[in-house]
Amino acid sequence: MKSAIEQLSRGRAAISAARAVFILAIVACTAAPLFAQDSSLAFRRAQHLRHGINLSHWFAQVYDPKGYTKEHFDTYDTAQDIALIKSMGFDHVRFTLNCDPMFRRGQADRIPSEYLAMVDGAVKMILDQDLSIIIDIHPESDFKQRLVSDDSFVEQFADYWRALAKHYSSLDPERVFFEILNEPEFRDRYRWMGVLARLTRSIREGAPNHTIIAAGANWSSSNELLFLEPLHDTDVIYNFHFYDPHIFTHQGATWSTNFQHYLTNLPYPSTPQNVFVTESQIPDPVNQQLVARYGFDRWDSFRIDGEIAQAAAWAKHWNVPLTCNEFGVYRATANPADRAAWLHDVRTALEKYNIGWTMWDYAGAFAVVTRKDGVSTPDPVTIKALGLTVPPARQSPKP
């Protein structure tokens, strides 16, 4: 008689084999290049969004104690940073913009000109380096939660978007894109589809010729994308974020699920054996099981490819262009080599299905550069994982 352990191992092997067949079927269905399907405007413009980086903590998620000030805007990211981004081989940036500091309740279409001028300066700085730009509305959670339940607030947000889109409508539509809302927090998918349609219409009223970027209902995840039906607007690129498995990409993060702050050096790829040390560091048995499951799930390049293949299959089914506007690994506690392996596997899977990508982020907690004394230095390990070229060291000016 087989031992219980042997039977369990055979069962898991059978499940893994079945999963492999399923993933291969998805891959076969998505083998044709995604962007080769259509020559429409949105597909053509999506070619400008192949390799990008998120400019976080500049005009959104500002952690400077002084807040959203001109001093912060002038110093956090500079023209030298934008030039460095260009030299690393990125073709676009995702400019995260918290609309709240410039959002006048009851008159949201009257955007403060002084604040808007500072945004204009940043946008010009980016375009001057021949980079494309995604203007991504990136508010805090409380702003997004109001959209979930307050119809009047949705109307005001539509007013804001109409005015902002009109303000930038004279910029080159081949290089300037409007992303409706970062990571919506709608558990009601049907409400989000209605809000999404309303906001899309407002942007189109302000900027008839520009391409819009839209995502699914809850945190822009790939499974929410699968639920979404395309809008009645053909000039739209669809977007999802990829941080799977979250237990690896957010290990050590204090803002995530509480037990994540215990995690350090959680390996990737994962096996039942190599997660044991980390599993033993978790005090709660329920959370220990989550780490064990990460090992049993055997996350590797094949698993990541299968996950991204499902998003690609959705896009192929609806014949719409697709991007991944966020993916990354928290740097503080992840093993650098494992972090690089995950970035490489995600990036190569996205490129395999001709999905443009924008890594999170430039100089924050997931960064492609390190900062010391205000100087940004490219991280060669991360850059190579992204398939880009490490730029030559910048020479200090001669005295």
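Which residue forms a salt bridge with Arg 189? Hold that thought while I cover the ground rules.

This is a predicted model, so local features need pLDDT of at least 70 and side-chain atom pairs count only at pLDDT 80 or more, while totals for chains, interfaces and linings use all residues. Residues are numbered from 1 along each chain as its sequence is written, and side-chain values use heavy atoms, with hydrogens and water left out.

Okay, back to Arg 189. Its partner is Glu 224, and the closest N and O atoms sit 2.9 Å apart. By salt bridge I mean a side-chain nitrogen of Lys or Arg within 4 Å of a carboxyl oxygen of Asp or Glu. Arg 189 is in helix α8 (residues 189–206) and Glu 224 in helix α9 (residues 222–227), so this pair ties together parts 35 residues apart in sequence. Helices here are DSSP runs of H or I, at least four residues, and strands are runs of E, at least two, numbered from the N terminus. On accessibility, Arg 189 is partly exposed at a relative accessible area of 31%, whereas Glu 224 is buried at 8%. The cut-offs: buried is under 20% relative accessible area, exposed is over 50%, partly exposed is in between, using a 1.4 Å probe and protein chains only.

In total, the structure holds 25 salt bridges. Another one joins the side chains of Glu 326 and Arg 94, at 2.9 Å, N to O. Glu 326 belongs to strand β7 (residues 322–327) and Arg 94 to strand β2 (residues 92–97), so the pair links parts 232 residues apart in sequence. Both Glu 326 and Arg 94 are buried.

Glu 351 is partly exposed at 27% relative accessible area, but Arg 347 counts as buried at 9%. Elsewhere, salt bridges with shared partners join Arg 44, Arg 45, Glu 174 and Asp 235 into one network.

Last topic, helix packing. How do α6 and α7 pack? Helix α6 (residues 141–149) and helix α7 (residues 151–167) pack at about 115°, axes 6 Å apart. Axes are lines fitted to C-alpha atoms, for helices over the stretch in contact, with angles from 0 to 180 degrees between N-to-C directions. Contact, meaning heavy atoms within 4.5 Å, involves residues including Phe 143 and Leu 147 of α6 and Phe 153 and Phe 157 of α7.
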